[in-house]
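Here's a quick tour of one predicted model. Have a look at the structure first, then read on.

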Amino acid sequence: MLEVVQHWLVGINDSLEFLAQSMVKMEAGLGLLLGVGFSMSASHFFSLLANRLKPIQIAVHLAVDAFGLGLAFLLGIFCDSLILAMIESVPLDPVTFANQMTVALWPGLFYVLVGAPYISDLIAVTIFAWIHLNCLLLLRAVYAVPLAKGLVVTSPGFVLALIVIALLFAQRWRSSYAELVREVPSRQ
Amino acid sequence: MLLSRTWLRKRREQLRLSRQLVIGILIASAVILFLCVAVVRRDAMMLIGGGSFYELLKFTALILAFLIPLSGIYSVMLDFVFWEGWLDGLPDPKDLFADSSLNDSGHRHYVIYLDGIHQSEEDHPPRVSRFLEKLEAGIDEDALLVKGIEAYTIMPVALSSASYSQWFWRWLFAMQEHHPNALISFLSSFLVQANNVIKVGISSDRRYGPVMNYELSLKIARRLESIGFHPSRASRLVLVGYSGGGEMAIGTAEMLQRLCRVPVQVITVCGVFSGNGSLAEIERVAMVVGAKDPVAAFGRLVYPGRLPMLPLSNWNRWQSHRKLARYEISEMGHNGRSGPFSERFSSDVVTAICRELACSAPQ
């Protein structure tokens, strides 16, 4: 039994290492950031549809939300870069850092699946956790920061990004759905 | 007509038997596999640790991880397309019950039965039909039992007649009913049930639930209108939901009350429901539960809003202001020979429902 657990742990470690190396080789920039923003924005497409917006309004909403969400993540990455400079004495270069770390956001491309009924929270939490894990792995692979220390470096920026998303977007999406709930009975 | 119904019943019995056989074979295979693993552990460990097995497992998990949410999104999309009015059939509620002189049924109470996720068409399976006959005989003369409502479709037509996907459902139902291979029949029936499970998920989702529950309420209200219901003559509606039908009943109750303008109460039988539905204006909910019902118990875990540890959840807040009646039947399970439709327990369930109807009857 112990052997099996050890085997599994080694397997998980290998997979994480493979993931980190793949991300280091990947070239992702602004396109990925926007892609993630659009995916997150599209996951709440039904709230726009349900509130009887015209197609052009829906498109504008999706685009504005996508830019905003991309900026929220960028803000988190810059925060990470500041903390890394303070703790690990890595020279402060937010643009290079952002170029290297943006790739960690790739699971966010599948955020559109949060549109699925009932299991949406589970999917959202999984994707956010995966993004955070990617940040830790990248820090270890690129800056040789151990995972535990990486948690200290990345958590504040990640929490900041989540707070911005929650304040700006989740609140608006929630109000859209609430408006829908109010509208349904008034149809009679 | 009678002959085809008898033939259909026979086919359903055969299907049920073959389904039980397939489940039996699957369980037996799992036991044998487990024993084999125990006997040749080292070889089995090599097999489990082998690259091909992992690859297959990962591939299957990946496919499922995409397929399940995508089918959910597709199902939601249909509801919203219907809501937007892009498909014909969403009625204007202002037209409901416009003429009170039409078609008086002479009943004051309407008991509406919503079936579980096994439902694939308007006709209920034979065991459920027998149960409903008993219930019909047990309720008062001025009460009418409304059956045959497809609780998992929002369109006014059956799944097999829906214009956009009839070919798929007809093909699936044909496979379910006529395919000689029991496994294929079982898989087809599984897919039909998966569609119904998704609908239960949509109904319990706080974002999409209101739209779907509104559409289903309209469908029920139109059906009631067609059988002679009118708010001026009726005194109450009672939604009886079995299993996933419990979620549909709780989800639609408040909206149905507004549409039909009479008090609505809910009775769940072995109900699997979230309690997320809007219940603020519903005065009475009763649960008929089996002491040995693993599915309903699992439902409480899947829908944590019903657990007492979350006192601010919608369900617990409703319970703090209103009384929830509970009728527990010892030894009763969720389905099959120990389920509420079995010969052993159906009378107890009917008695519990009739007791609740008598207790809550308006004076």
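At what angle do the axes of helix 6 and helix 7 of chain B cross? They cross at roughly 115° and come within 6 Å of each other.

## Ground rules

This is a predicted model, where local features need pLDDT of at least 70, side-chain atom pairs count only at pLDDT 80 or more, and totals for chains, interfaces and linings use all residues. Residues are numbered from 1 along each chain as its sequence is written, chains are lettered from A and ligands numbered from 1 in the order in which they are written, and side-chain values use heavy atoms, with hydrogens and water left out.

## Two crossing helices

Helix 6 of chain B covers residues 182-204 and helix 7 of chain B covers residues 209-226 (helices are DSSP runs of H or I, at least four residues, and strands are runs of E, at least two, numbered from the N terminus). The axes are lines fitted to C-alpha atoms over the stretch in contact, with angles from 0 to 180 degrees between N-to-C directions. The pair therefore counts as roughly perpendicular (65 to 115 degrees).

On the helix 6 side, Lys199(B), Ile202(B) and Ser203(B) meet Gly209(B), Met212(B) and Asn213(B) of helix 7 (contact means heavy atoms within 4.5 Å). Those residues divide into two nonpolar, three polar and one charged.

## Where the chains meet

Ile73(B), Trp83(B) and Arg207(B) supply 24% of the area that chain B buries here, more than any other three residues.

## A salt bridge inside chain B

Lys147(B) forms a salt bridge with Glu136(B), with the closest N and O atoms 3.1 Å apart. Lys147(B) sits in strand 2 and Glu136(B) in helix 4, so the pair ties together parts that are eleven residues apart in sequence.

Technical notes. Parallel < 35°, antiparallel > 145°, perpendicular 65-115°, else oblique. Nonpolar A, V, L, I, M, F, W, Y, C, P; charged D, E, K, R; others polar. Buried area = accessible area lost by both parts, 1.4 Å probe. Salt bridge = Lys/Arg side-chain N within 4 Å of Asp/Glu carboxyl O.
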